Amino acid sequence: MTLRHITIFNYKNIAQTELELSPKLNCLIGQNGEGKTNFLDAIYFLALCKSSTTSQDSACIRHEAEVAMLQGSFEHEDGTMEEISLGLSRGRKKQLKRNKKPYKRLTEHIGLIPIVMVSPMDSLLIGGGSEERRRFMDVVISQTDHRYLDALVSYNKALAQRNALLKLEDTAPDIDLLSLWEEEMARYGQMIYEARASFVESFVPVFQEIHSIVSRGRELVGLQYVSHAQRGSLLDIIQRDRAKDLIMGYSLHGVHRDELEMTLGGYPIRREGSQGQNKTYLIAMKLAQFDFLSRAASRTKPLLLLDDIFDKLDADRVEQIVHLVAGDRFGQIFITDTNRDHLDQILSRMDSDYRLFHVKKGEIMP
């Protein structure tokens, strides 16, 4: 998949821009806070119907504006074009269209434009709560399997309904209704568990291979999936501690508590890793995500967005990443940096088309 042309209007600090893009490498140079990340986020929003930095759509509309608009012209490997347009208005639902036709459900769009973004926000994968690591799995798998996305939506609905019953204070919950939502949680939870387990099994070897390249084999990393569903019948596990759940007012067991244990040298990386080691780990995870999506049902290379990836890395690791990115393994790449030297290293190795843009105060100029 290739983004050939993009129009941005009132998106965050970008008032208006219209750009023709390179099918291979697009570099954005500028100081922090000028709009480089916002440009990448606009592409991410067109692909996944949401921002990579905020859950509030209205926060993406430029200050003092009422509406924002994004439009992208995407090209499949066979030359087929896709016109994707997105409209945001304060106080209204977002409007997404494919070739001028509105989607009935936004979830139908997920997977059409596979995408991987590497950014400083990824540090939450290591330092944040388990919901960050579950979100990582969900974003990857949802781009390749609509049944998974449907199961996730249904599971979260059942979980919310069960939790609402558990929180009743003045009356005991209807046991039959509670059982109904527990059965729904177990049914969809099993589907989610199986998809996550299969994903992690295929993901880990590629992740370890890429990490070994970037670190030159100096570190041993691991990634292990942990789920309540591994203990037996998910329905039995959910119902077993119902009395405790009633006391707590929420569900203690289910796939909404799943975890990805990240290790460095056999120990938790959040406790052992330096800033450089953590960043290497995260970059390897995201590049392995790219590989997974490339091999999935879409059979197309995802867009790769690299936001400020060289910070906190030593020269040797930068060299290895430059070598990877400049090769033929990836398709269209967008990369931002405040340091022109890093990008010049990549450009000196490129034998294909590239474009360089300067970003200042929300303006993006060739």
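**Where two helices cross**

Tutor: The axes of helix 5 and helix 9 come within 8 Å and cross at roughly 130°. Here axes are lines fitted to C-alpha atoms, for helices over the stretch in contact, and angles run from 0 to 180 degrees between N-to-C directions. Helices (H or I, at least four residues) and strands (E, at least two) are DSSP runs, numbered from the N terminus. That angle makes helix 5 oblique to helix 9, since under 35 degrees counts as roughly parallel, over 145 as roughly antiparallel, 65 to 115 as roughly perpendicular and the rest as oblique.

Before going on, a word on the source: this is a predicted model, where local features need pLDDT of at least 70, side-chain atom pairs count only at pLDDT 80 or more, and totals for chains, interfaces and linings use all residues. Residues are numbered from 1 along each chain as its sequence is written, and side-chain values use heavy atoms, with hydrogens and water left out.

Now, who touches whom? Contact means heavy atoms within 4.5 Å. On the helix 5 side you'll find residues including Phe199, Phe203 and Phe207, and they belong to a set that meets residues of helix 9, among them Tyr281, Ala284 and Phe292.

Keep an eye on the aromatic ones. Ring pairs link Phe136, Phe199, Phe203, Phe207, Tyr281 and Phe292 into a cluster. Rings of Phe, Tyr and Trp (its six-membered ring) pair if their centres lie within 6.5 Å; planes under 30 degrees apart count as stacked, over 60 as edge-to-face and the rest as tilted. Search the whole structure and you get 10 aromatic pairs. In one of them, the ring centres of Phe136 and Phe199 are 6.4 Å apart with planes at 55°, so this pair is tilted. It joins distant parts of the chain, as Phe136 sits in helix 3 (residues 130–142) and Phe199 in helix 5 (residues 175–215), 63 residues apart. Phe136 also pairs with Phe203: their centres are 5.8 Å apart and their planes at 70°, so that pair is edge-to-face. Again helix 3 is linked to helix 5, with Phe136 and Phe203 67 residues apart.
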